[in-house]
Amino acid sequence: MNLEHLEYFITVAQMGSINRAAQALFISQPRLGKIIRDLEQSAGAPLFTRSNQGVTLTPEGIEFQRRAQRVMGELAGMFNRPAANDLRDVSLSVSMTKYSHIMESFIQTVLHYKNLPAYAHRLQEGDPIDVVEDVYNHRTDVGVLHFGQGQRENMIALFQDRQLVYYPLAHMTPHILISQDHPLLKTGKPVTLEALSGYGFVRYEGQFEDFTYEIFSQGSHFNLSVNPKMVYIVTRASLLHLLAKTDFYSIGIQDFTMQQSSYRVVSIPIEDCRGMLEFGYILPARIELNSITRDFLADLRRRLS
């Protein structure tokens, strides 16, 4: 396995076809097919499901893609880092979990400072453990993440082990996310987890997110991770586009500003829901934040409240 092979894998995943990827990469289809098979052998699991229509990622392939993209991003960062360091006082560097409220604060802050003569902003997304590692390894200056009540003790211990300072931002109740055109809404029926049990469930790949889908409502326990109709995704955009075009559902928090206008997806409170998601941010110890980062955190606090 080498970095070129990772790039080949990412191209196949994006194009959904070994043949089209081979054409784009200017290599033969048999050679590319062998590289992919060698990668699968090294990974110890099939990374793609093959069909006459092309290839799709397996759950193992989705995780492999996430890690491959992070490796390639780190490689690019090795060459971009000096320029970014020169612009540290006028740049925003954030690692975040996959919530659009955080993204909106990042966008708002970047636009507010768009007339600066130079800057080198950075935004990375991942699960909470990815965020911790990004800040710990100084890939970003600040990390914004979430976790469940039952995870708080372990997460605080992790922050302390990494010598990171944690600042709580808000506690949010889980909401159901569905399209405005969902059949339950069109027929005026109550939108509950029980009523949605026959529909497809969309969730992020990765075991860390499992706690988000363990919900207690009206005296019942719903473990949404064992839904027989499951769709795994890795990005916020994929989740929102999928919900907008189908009758699937997912779990998130309250509406963000452009959720309905851009995606026609609504957030519906879960009746009598026990359990909260805690949002907060982490910083390296003894770091002095620039004004852009302080403005970003102030905007995020207002947005989540």
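# Pockets, cavities and rings in a predicted model

The second largest pocket has a lining of 15 residues, and those nearest its centre are F211, E214, R274, G275 and M276. This structure is a predicted model. A search of the whole structure also turns up 2 cavities of 30 Å³ or more and 9 aromatic pairs.

- Strands β9 (214-217) and β14 (273-274) are the elements that give two or more residues to the lining of the second largest pocket.
- Of these, β9 provides the largest share of that lining, with 3 residues.
- By class, the lining of the second largest pocket splits into 7 nonpolar, 6 polar and 2 charged residues.

**The largest pocket**

- How much volume does the largest pocket have? The value is about 620 Å³.
- Its lining is made of 29 residues. Nearest the centre of the largest pocket lie M103, Q124, E125, G126 and R236.
- Five elements are named as giving at least two residues each to this lining: α4 (59-86), α5, β4 (122-125), α9 and α10 (259-263).
- The lining of the largest pocket has 9 nonpolar, 10 polar and 10 charged residues.

**The largest cavity**

- Rolling a probe the size of a water molecule over the atoms shows where empty space is left.
- The largest cavity contains about 200 Å³ of space.
- Around the largest cavity stand 19 lining residues. K98, Y99, L177, Y204 and G252 are the ones nearest its centre.
- At least two lining residues of the largest cavity come from each of α5 (100-112), α9 (236-245) and β12 (250-252).
- The lining of the largest cavity counts 9 nonpolar, 7 polar and 3 charged residues.

**Aromatic rings**

- Among the 9 aromatic pairs of the whole structure is the stacked pair of F159 and Y166, at 5.1 Å centre to centre with 25 degrees between the planes.
- Are F159 and Y166 buried or exposed? Both are buried.
- Y167 and Y281 form another stacked pair, 5.0 Å centre to centre and 20 degrees between the planes.
- This pair links distant parts of the chain: Y167 is in strand β6 (residues 164-172) and Y281 is in strand β15 (residues 277-284), 114 residues apart.
- Y281 counts as buried because its relative accessibility is 10%, under the 20% cut-off.
- Y167 is partly exposed because its relative accessible area is 35%, which falls between the cut-offs of 20% and 50%.
- F9, F48 and F64 come together in one aromatic cluster.
- A charge meets a ring as well: the charged end of R162 sits over the ring of Y136, 5.1 Å from the ring centre.

**Helix α7**

- Which residues of helix α7 (residues 152-161) are buried? They are M155, L158 and F159.
- Seen down the axis of α7, these buried residues fall within an arc of 100 degrees, so they line one face of the helix.
- The face of α7 turned away from the buried side carries exposed residues: E153, N154, Q160 and D161.

- Most residues other than glycine have a negative phi.
- H138 is not a glycine, yet has a positive phi of about 65 degrees.
- Where is H138 placed? H138 is in the loop between α6 (128-136) and β5 (142-148).
- H138 counts as exposed because its relative accessibility is 54%, over the 50% cut-off.
- D272, also a residue other than glycine, has a positive phi near 55 degrees.
- D272 lies in the loop between β13 (265-269) and β14. Strand β14 is also one of the elements lining the second largest pocket.
- D272 is exposed because its relative accessible area is 52%, again over 50%.

Technical notes
Residues are numbered from 1 along each chain as its sequence is written. This is a predicted model: local features need pLDDT of at least 70, side-chain atom pairs count only at pLDDT 80 or more; totals for chains, interfaces and linings use all residues. Side-chain values use heavy atoms; hydrogens and water are left out. Rings of Phe, Tyr and Trp (its six-membered ring) pair if their centres lie within 6.5 Å; planes under 30 degrees apart count as stacked, over 60 as edge-to-face and the rest as tilted. Buried means under 20% relative accessible area, exposed over 50%, partly exposed in between (1.4 Å probe, protein chains only). Helices (H or I, at least four residues) and strands (E, at least two) are DSSP runs, numbered from the N terminus. A charge sits over a ring if NZ of Lys or CZ of Arg is within 6 Å of the ring centre and within 35 degrees of the ring normal. On a 1 Å grid over the protein atoms alone, a cavity is a set of points where a 1.4 Å probe fits but cannot get out, and a pocket is an open set with protein on both sides within 12 Å along at least five of seven lines; lining residues have an atom within 4 Å of a point. Grid points are joined across faces, edges and corners, and a volume is the space filled by probe spheres set on the points. Ala, Val, Leu, Ile, Met, Phe, Trp, Tyr, Cys and Pro count as nonpolar, Asp, Glu, Lys and Arg as charged, and the others, Gly among them, as polar. The arc is that of the directions from the helix axis to the C-beta atoms.
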